[in-house]
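This briefing covers the cores, strand pairing and selected residues of one protein model. Please keep the sequence and the 3D view open while reading.

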Amino acid sequence: METVSAESNIAITNVTLSTEQPAPGQLVEVRTTVRSSTNESKAVKITDVYVRPAGSANDRARVENIGTVSGGRSLTVPLTLSFDDPGVKNLRVYATGRMPDGDYVRREYPLTVVVGGDGPGLNVRAQNPKVGGETEVSVNVTNGETNEIRDVRLLVNGSNVAVENPERIAAVLESGSERSFTYTATFLEDAPSTVRATLQYTTDGGQTRTVTKQMSVGTDRLSASGDRPQVELSVRDAVPGATRPVNVTVANGLDEEVRQLRVSASSPSAAFDVTQRVRANLSAGETATFTFPATAEEAGTLPVNVTLEYTQDGVRRWTTQTIQASFTAPPNPAEVTLTDLDAVQRGGRIEISATAGNVGSTEAEAVVVSFGDAQRVGAAEYFIGEIAASDFASFTLRANVDGNVSSVPVEVQYIVDGVERSAVTEVPVEREVVTRTSSGGGFPVLPVVGLAIVLALGAVGYRVWR
């Protein structure tokens, strides 16, 4: 812990600058001279020399473990620093040393630096920047020159920003003085923007010079503005490839009505069936939702560009945002599977009975089962229709068959969220033996025996009757 000696045994005797009036961003060397007044045989260890703004605990520059200085001698310590903005800087230079008895001592020296040197300085600020509305931009000009500047012309422009009355003129700006200029600007879109101030002036020697200062405005600052209707976006879950609603909700948080609303939505990663919707007006505090059917071939987070145009107080305004929207798939969409399959071939006919079950959590529509691409099996299909989530339906398929088959494909087709799905199941076939009529002619054995019995009984009856 640092302590301060009660007696003064070292002192900061001088502080000099390498440049009297450094320009913003220019490196300047601060040279600090520390002198020891202790006994010549006792050296003081200079541990730290550092520079801080007056009243601040933050270092602007520091050097440590500098060395020792014996009694009656001094040492000079250089430090390098720079200043971002023009103006008068009130600083303090500190020197800390450890005395021969182990105590620490610290000395302080005031330092004033006027930053400006090579020309006037510019400071650009945008007050609460917002898209589509008026934003106040101020530019502060400081004359750090030793002489006045004349014919001052200040032009403000930039990217993604429109500035009203962008050029201002002043005849003279005295040395060491400053002046602020205020502009009305409009940020055109919700996109990274810049505001650029260009100062042209004439020096005391008659030379024309130019100074430029640029300020960046990120989308985080623009989107933070609440002085306009707010836009939110939501997307319904659907399977990839399905057409789903993309809902854009506009909330008018203003205290007045906005009119002639036009909402546009599009995406480079999804196909929108409709890209624009309009509405006559939106009252103060009212909310409206605009639906845009869109199709995404893949699930995931996709960019959606949303532009809201509206009229407020007779002024046409707009805002554009790129929203990262979640085009997610339902966790368990409809899926139809076949169970309890029973396939039998009886001679030239084949019959399959089974159950089609929906194991998903959404409805399967237009369910149809049929024989798939099977050779030697005739065409047949069965229309089931809808199968609700976790529900099932039984069916039977019958068709002619050419020769014997060991298995036959059964295809099930259905629709989920407007997207066709299909699956094929190969079903093993059992064959039942069917007795066939002899190809050599004559009567079958059993019918012949029956006929003989009938004839014998007839003969016996005739004799009894006789």
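Leaving aside its neighbours within four places in sequence, which residues is Thr-307 in contact with? Thr-307 is in contact with Arg-262, Val-263, Ser-264, Thr-319 and Thr-320, where contact means heavy atoms within 4.5 Å.

The model is predicted: local features need pLDDT of at least 70, side-chain atom pairs count only at pLDDT 80 or more, and totals for chains, interfaces and linings use all residues. Residues are numbered from 1 along each chain as its sequence is written, and side-chain values use heavy atoms, with hydrogens and water left out.

**Thr-307**
- Thr-307 lies in strand E22, residues 300–312; strands (E, at least two residues) and helices (H or I, at least four) are DSSP runs numbered from the N terminus.
- Thr-307 counts as buried because its relative accessible area is 19%; buried means under 20%, exposed over 50%, and partly exposed in between, with a 1.4 Å probe and protein chains only.

**Nonpolar cores**
- The largest nonpolar core has 34 residues, and those touching the most other members are Ile-350, Val-367, Phe-371, Val-377, Ile-384, Phe-395 and Val-408. A nonpolar core is a set of buried Ala, Val, Leu, Ile, Met, Phe, Trp, Tyr and Cys residues joined through side-chain atoms within 4.5 Å.
- Elements giving two or more residues to this core include E24 (336–346), E25 (349–358), E28 (392–400) and E29 (407–416).
- E29 supplies the largest share, 5 residues.
- A second, separate core of 27 residues includes Val-235, Val-306, Leu-308 and Phe-327.

**Strand E28**
- Side chains alternate along E28: Ala-393, Phe-395, Leu-397 and Ala-399 point to one face and are buried.
- Not counting residues up to four places away in sequence, Phe-395 touches residues including Leu-338, Ile-352, Val-369, Tyr-382 and Ile-384.
- E25 and E28 pair in the antiparallel sense over 9 bridges; two strands pair if DSSP finds at least two bridges between them.
- Arg-398 in E28 stands opposite Glu-351.

**Four-stranded sheet**
- An open sheet of 4 strands runs in the order E8-E9-E13-E11, with antiparallel pairing.
- Its edge strands, E8 (121–127) and E11 (161–164), each pair on one side only.
- E11 pairs with E13 (residues 178–187) in the antiparallel sense over 4 bridges.
- Thr-184 in E13 is the bridge partner of Glu-164.
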